[in-house]
Amino acid sequence: MNQILAHLIDRFVISLAGLTHAESADRPARSREAAEWLARPDFFTPDAPAAKLEFSGEHDFTFASPCDIGPPRNRLVHGRLFRAGSSLKDRPTVVLMHGWNDEPGYLWRQPALARRLAATGLNVAMLELPYHLHRRPGAPPELRDFISGDLAAMVAATHQALADHRALFGWLEEQGTNRIAIWGYSLGAWLAGLLACHDSRVDTAVLSTPLSDVATTMAQLPFCRPLRRSLAREPMDLSRLNLASHRPRMPLERVLLLVGEHDLFIPRPSLDELWEVWGRPERRVVAQGHLSILASRRVLRDTSDWLWSRLVRPTTELPLAPPGTSAA
């Protein structure tokens with residue numbers, strides 16, 4: 001029954017995304033510019049001074065993106081912070097990274113998870129990815145999506161997403177947080193994996209159904225048709241974006257890979273390859289699809305407990321709730 005329901009949900013969302021993610025066929029591919037971006041020595045390690053957060057409430061903040069990329073709306077980073085106590089000092093922080101066009105996740109699911117984690121002593125931060133939510137331009141002809149047929153814009157958005165998070169990490173360090181963990185889903189898990197491989201400040205990483213092989217995955221998904229058209233017109237090598245082309249900087253016992261057994265978005269062979277190439281870190285294959293994994297209370301609880309054990313257990317002086325505690 002799990003498989004049937006998981007497949008139905010995944011197929012429905014894939015079809016819906018294919019219908020709604022329409023894009024003009026005449027948008028330039030700009031593969032040469034994309035290749036130049038990708039060849040930059042600092043592509044995965046952009047210079048990103050510590051962000052200067054401006055709060056507009058208890059949780060919401062903004063800061064200027066370190067990368068002057070895209071329309072003005074995209075250059076202002078929006079985020080949220082959920083504190084476990086009055087100060088971030090000497091406490092771990094988990095950075096949650098949402099999936100592609102996962103507005104409901106950022107607006108509702110992640111805040112609920114953040115309150116749960118904060119109740120166990122973990123600070124939680126999250127950012128809106130480029131071309132999402134507040135950062136999405138209003139109307140065509142402006143580019144309005146992270147994944148598009150404009151190869152240069154997509155590659156630049158990847159660079160910007162990494163820079164935005166590196167700037168956030170800098171701010172967290174200034175506040176005295178003692179460990180930084182990242183927990184990403186799908187597109188966010190791919191970006192989290194790149195950060196885990198290139199930023200030594202990342203102590204622990206959870207990758208939930210990551211987009212591990214960019215070209216292979218996008219060759220199969222209907223809503224990636226604009227990208228395939230551009231690659232057909234102007235081929236380029238995207239393999240440098242694959243997670244298997246990089247290696248985590250932290251010990252393998254601090255990496256958790258979550259795989260949906262019934263996932264129709266991410267090709268299972270690409271995740272098996274990643275697991276092997278990375279030296280077989282802890283992997284949990286769960287009886288869920290790409291979307292249903294997000295609704296599994298058991299997966300969320302077990303993953304939260306795994307994070308708690310890596311981030312909190314060594315720091316016994318903090319007055320923390322035991323694993324499994326949920327916020328009221």
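Colleague: Does proline 92 count as buried or exposed, going by its relative accessibility?

Modeller: Proline 92 counts as buried, at 1% relative accessibility. Bear in mind that this is a predicted model. Proline 92 is found in strand β4.

Colleague: What does valine 95 touch, leaving out residues up to four places away in sequence?

Modeller: Valine 95 also lies in β4 and counts as buried, with 0% relative accessibility. Its contacts are Ala125, His165, Leu168, Phe169, Leu172, Ile180, Ala181, Ile182 and Trp183. The C-alpha atom of alanine 205, 110 residues away along the chain, is 9.5 Å from that of valine 95.

Colleague: How should I read the sheet, and what is the order of its strands?

Modeller: Start with the general idea: strands of a sheet pair through backbone hydrogen bonds, either parallel or antiparallel. Here the sheet is open and has nine strands, in the order β1-β2-β3-β5-β4-β6-β7-β8-β9, with mixed pairing.

Colleague: In which sense do β3 and β5 run?

Modeller: β3 and β5 (residues 123-127) run antiparallel and are joined by four bridges. In this pair, phenylalanine 82 stands opposite valine 124 of β5. Helix α4 packs on the sheet and touches β1, β2 (60-64), β3, β4, β5, β6 and β7. The direction of α4 makes about 160° with that of β4. Helix α8 packs on the sheet too, touching β8 and β9, and its direction makes about 160° with that of β8.

Colleague: Which way do the side chains of β8 point?

Modeller: In a regular strand the side chains alternate between the two faces of the sheet. In β8, Val255, Leu257 and Val259 point one way, while Leu256, Leu258 and Gly260 point the other way.

Colleague: How many of the residues of β8 are buried?

Modeller: Six of the six residues in β8 (residues 255-260) are buried, so the strand is largely enclosed by the rest of the structure.

Colleague: What lies beside β8, and how many bridges join it to β9?

Modeller: β8 and β9 (residues 282-286) run parallel and are joined by five bridges, with leucine 256 opposite glutamate 282 of β9. β8 also pairs with β7 (residues 202-208), in the parallel sense and over four bridges. In that pairing, serine 208 stands opposite leucine 258 of β8.

Colleague: What kind of unit do β8, α8 and β9 make?

Modeller: They make a β-α-β unit, and it is right-handed. Its helix, α8, covers residues 268-277.

Colleague: How do I read a helix pair, and at what angle do α2 and α4 pack?

Modeller: Two packed helices are described by the angle between their axes and the distance between the axes. For α2 (residues 31-38) and α4 (residues 151-174), the angle is about 20° and the axes are 7 Å apart. That makes α2 roughly parallel to α4. The crossing of α2 past α4 is left-handed. On the α2 side the contact is made by Ser31, Glu33, Ala34, Trp37 and Leu38, and on the α4 side by Leu151, Ala152, Val155, Ala156 and His159.

Colleague: Now the backbone angles. What is the phi of aspartate 90?

Modeller: Most residues other than glycine have a negative phi. Aspartate 90 is not a glycine, yet its phi is positive, about 65°. Aspartate 90 sits in the loop between β3 (76-82) and β4 (92-97). Its relative accessible area is 39%, which is partly exposed.

Colleague: Is serine 186 buried or exposed?

Modeller: Serine 186 is buried, with a relative accessible area of 11%. Serine 186 also has a positive phi, about 60°, although it is not a glycine. Its place is the loop between β6 (179-185) and α5 (187-198).

Definitions and conventions
Residues numbered from 1 in each chain as written. Predicted model: local features only at pLDDT ≥ 70, side-chain atom pairs only at ≥ 80, totals over all residues. Heavy atoms only, no water. Buried < 20%, exposed > 50% of the residue type's maximum accessible area, 1.4 Å probe, protein only. Helix = DSSP H or I, 4+ residues; strand = E, 2+ residues; numbered from the N terminus. Pairing = 2+ DSSP bridges. Right-handed = clockwise from strand over helix to strand, strands pointing away. Axes fitted to C-alpha atoms, helices over the stretch in contact; angles between N-to-C directions. Parallel < 35°, antiparallel > 145°, perpendicular 65-115°, else oblique. Left-handed = near helix turned anticlockwise from the far one by under 90°. Contact = heavy atoms within 4.5 Å.
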